[in-house]
Amino acid sequence: MPTPQRKKRPVRIVPAFTIQAYQKNVVVQSPPKLTQKPKTPKATAFSKYYKRGDFPISLEFDTYGHKIAWKVDIDKLDFHHYLPLFFDGLRETGHPYQFFARQGIYDMLEHGGSKILPVIPQLVIPIKNALNTRNPEIICTTLKVLQQLVMSADMVGVALVPYYRQILPIFNVFKDKNVNIGDGIDYTQQRRQNVGDLIEETLEILERYGGEDAFINIKYMVPTYESCMLN
């Protein structure tokens with residue numbers, strides 16, 4: 001007599017990193033794919049505070065163009081309150097919010113000194129949100145600000161290492177993307193607006209200033225990255 005065949009159980013698709021993933025006859029669900037498609041930025045807290053007149057700033061003009069006039073000494077500002085709000089403004093693309101947010105960040109990083117390091121945990125979400133817009137202009141600006149942040153004060157680079165899992169995923173999407181304006185010549189390199197180059201530059205700065213654990217953590221999140229210090 002022929003041997004009776006057992007009925008095969010239907011295969012179930014289950015989420016990754018769950019108890020079900022260890023069961024038999026299951027297939028672990030693939031992670032969602034990241035895309036380069038830009039997202040429409042939501043209204044920022046920065047624009048809300050600016051409209052209410054809550055920032056001690058105004059716009060001035062001189063022979064070099066626009067600049068921020070601070071109504072108080074920058075080193076006397078409450079960095080825990082103001083710096084995260086200005087970082088939230090990285091998602092702004094319209095005038096005057098874009099100018100005030102970006103220039104305000106550079107001014108505060110230049111004069112912040114020891115006030116910057118304690119605020120790092122509050123800056124992670126605004127940085128992540130700006131990168132996740134997938135808007136090349138916003139990403140380029142955020143990368144430049146991130147570089148400036150890392151080099152602004154002692155130990156800032158080291159303090160950012162635990163947050164690589166939140167900041168670096170978008171780097172994988174755009175790491176090999178070279179922006180071309182369409183006429184065959186990439187002028188973006190001249191004004192540091194090339195996303196791929198800026199990502200590589202930023203990763204190298206993160207490694208140089210991030211201490212002994214920086215490279216292994218970068219490599220985990222961005223597998224194609226090669227150390228600028230070990231080679």
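I started with T142 and its accessibility: T142 counts as buried, because its relative accessibility is 1% (buried is under 20% relative accessible area, exposed over 50%, partly exposed in between, with a 1.4 Å probe and protein chains only). I then placed T142 in helix α5 (helices are DSSP runs of H or I with at least four residues, strands runs of E with at least two, numbered from the N terminus). Leaving out residues up to four places away in sequence, I found T142 touching L90, I127, A130 and L131, where contact means heavy atoms within 4.5 Å.

I noted the basis of the model. It is predicted, local features need pLDDT of at least 70, side-chain atom pairs count only at pLDDT 80 or more, and totals for chains, interfaces and linings use all residues. Residues are numbered from 1 along each chain as its sequence is written, and side-chain values use heavy atoms, with hydrogens and water left out.

Next I looked at backbone angles. R134 is not a glycine, yet its phi is positive, near 60°. I located R134 in the loop between α4 (120–131) and α5 (136–150). R134 has 6% relative accessibility and therefore counts as buried.

M155 is another residue I checked. Its phi is positive at about 75°, and M155 is not a glycine. It sits in the loop between α5 and α6 (156–160). Is M155 buried or exposed? M155 counts as exposed because its relative accessibility is 52%.

Last, I looked up a peptide bond. The bond joining H95 and P96 is cis, with omega about 5°. I found P96 in the loop between α2 (79–88) and α3 (97–112).
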